[in-house]
Amino acid sequence: MEVPMPRLASGLDLTDLGARIRSERLRRHLSLEVLSSQSGVSSSMLSDIERGKKVPSVLVLDSIATALGTSLARLLEEEQQAKVIVLCHREQEVVQDPSGWERRILSPVLPGIEFEFMRTTILPGVDAGVFLPHGTGSREYIAVEEGTLQLTLNGTVYLLQAGDSIYYAGDCQHAFANPGEKPCTYYLVMEIPPSPVPHVHHR
């Protein structure tokens with residue numbers, strides 16, 4: 001059964017998405033095999049995604065972004081450099097996972113900064129999956145707006161209710177689920193220290 005393409009407000013299609021992933025990979029001088037090892041996504045799947053032949057789930061996209069040391073937003077949006085950036089509701093990127101959750105990206109992509117501000121909604125009884133650890137020094141902050149969020153950090157479970165917030169170092173496995181009977185909506189801020197892009201010296 002085919003997985004529906006995550007809905008993107010910008011209309012970015014599979015070919016454009018694949019080209020951005022390939023560009024970020026090559027900019028870091030990573031082979032498909034190395035990226036596969038770091039992301040847990042097979043080389044054949046990565047190749048198909050880069051060529052616009054396969055539809056990645058949100059979790060797979062996030063794993064690729066994490067392995068590249070960047071955010072999902074950077075794979076979906078163009079950089080902006082203005083001192084003031086307004087993102088109207090209709091312009092915000094929204095990615096929807098068929099399992100029953102969605103992520104709305106509230107922050108712009110800025111040059112040299114790996115930062116993401118997002119609003120996530122998980123339907124009742126839905127497990128959004130396990131996300132890979134980010135790099136050392138990364139930080140995440142969560143505030144629950146409504147419902148119940150089950151957050152698991154390296155095997156330790158934290159049950160958060162509406163109004164609760166939490167901070168944790170991002171270099172751990174983190175999983176999100178909604179064990180409640182109504183939708184859970186929470187805000188998450190992620191900050192990743194920029195990783196140096198290796199330079200190739202030509203003789």
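**View 1. Ile113 lies in the loop between strands S2 and S3.** In this predicted model, strand S2 covers residues 101-105 and strand S3 covers residues 114-122, with Ile113 in the loop that separates them. Ile113 is partly exposed, because its relative accessible area is 43% and this class lies between the cut-offs of 20% for buried and 50% for exposed. Together with Phe115 and Phe117, Ile113 forms a nonpolar patch on the surface. The accessible area of the three residues together is about 240 Å².

**View 2. Strands S1 and S2 form a hairpin.** Strand S1 consists of residues 94-97 and runs antiparallel to S2. Four bridges join the two strands.

**View 3. Four strands make up an open sheet.** The order of the strands is S4-S9-S6-S7, and their pairing is antiparallel. Strand S4 (127-131) and strand S7 (156-161) are at the edges; each has a single partner strand, so one side of each has no neighbour in the sheet. On average, neighbouring strands of this sheet are turned by 15° against each other, with direction ignored. In a regular strand, side chains alternate between the two faces of the sheet.

View 4. Leu151 has Tyr158 in S7 as its bridge partner.

View 5. Leu153 has His174 in S9 as its bridge partner. How many of the six residues of S6 are buried? Five of the six are buried, so S6 is largely enclosed by the rest of the structure. Buried here means a relative accessible area under 20%.

Methods: Residues numbered from 1 in each chain as written. Predicted model: local features only at pLDDT ≥ 70, side-chain atom pairs only at ≥ 80, totals over all residues. Heavy atoms only, no water. Patch = residues over 30% accessible without salt bridge, like charges linked within 9 Å, V, L, I, M, F, W, Y side chains within 5 Å. Areas by Shrake-Rupley, 256 points an atom, 1.4 Å probe, with all protein chains shown as cover. Salt bridge = Lys/Arg side-chain N within 4 Å of Asp/Glu carboxyl O. Buried < 20%, exposed > 50% of the residue type's maximum accessible area, 1.4 Å probe, protein only. Pairing = 2+ DSSP bridges. Axes fitted to C-alpha atoms, helices over the stretch in contact; angles between N-to-C directions.
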